[in-house]
Amino acid sequence: MAAVTKRLAKGAVSTTSTSVYTVPAGTTTIIKAITVCNGGGSDHNLSMTIAGTAIIWNYKIKAYDTIAIPFLDHIIQAGETITLFSTGTTTTYYISGKEVT
């Protein structure tokens with residue numbers, strides 16, 4: 001069994017619900033940390049699902065604010081996804097974890 005620590009996903013959060021990471025076949029992923037930043041001058045609402053389960057729902061991120069979840073340890077299986085949505089275009093994210101094969 002090999003465990004690879006890696007960046008799972010990063011980028012700008014879309015204003016439509018978008019899958020940002022899918023667990024590869026034959027793999028289990030452990031999500032270790034998530035950081036989301038609103039770099040714009042207005043508040044945005046953020047939603048996140050992990051493996052089809054709402055983890056963050058319509059959470060208001062204030063202008064120029066950052067949310068860090070440093071010790072998550074959620075496990076997702078092959079084919080499951082992380083999905084994000086924001087009401088604004090200046091929200092970015094960074095997700096790190098381990099893939100175990």
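1. Two strands are taken to pair if DSSP finds at least two bridges between them. Strands themselves are DSSP runs (E, at least two residues), numbered from the N terminus. On this basis S47 stands opposite F85 in β8. Strand β4 (residues 44-50) and strand β8 (residues 81-86) run antiparallel and are joined by 5 bridges.

2. The model is predicted: local features need pLDDT of at least 70, side-chain atom pairs count only at pLDDT 80 or more, and totals for chains, interfaces and linings use all residues. Residues are numbered from 1 along each chain as its sequence is written, and side-chain values use heavy atoms, with hydrogens and water left out.

3. Along the principal axes, the C-alpha trace spans about 45 × 20 × 20 Å.

4. An open sheet is formed by 4 strands in the order β2-β8-β4-β5, with antiparallel pairing. Its edge strands, β2 (18-22) and β5 (53-61), each pair on one side only. From one strand to the next the twist averages 20°, with axes fitted to C-alpha atoms and angles running from 0 to 180 degrees between N-to-C directions.

5. Which residues touch the most other members of the largest nonpolar core? They are I31 and I82, in a core of 20 residues. Such a core is a set of buried Ala, Val, Leu, Ile, Met, Phe, Trp, Tyr and Cys residues joined through side-chain atoms within 4.5 Å. The elements giving two or more residues to this core are β1 (3-12), β3 (28-38), β4, β5, β8 and β9 (91-100). Not counting residues up to four places away in sequence, I31 touches L8, I50, L72 and I95, among others; contact means heavy atoms within 4.5 Å.

6. T83 is found in strand β8. Is T83 buried or exposed? Its relative accessibility is 15%, so T83 counts as buried (under 20% relative accessible area, with exposed over 50% and partly exposed in between; 1.4 Å probe, protein chains only). Beyond its neighbours within four places in sequence, T83 is in contact with S17, T18, S19, S47, M48 and T49.

7. Buried residues make up 34% of the 101 residues in the protein chain.
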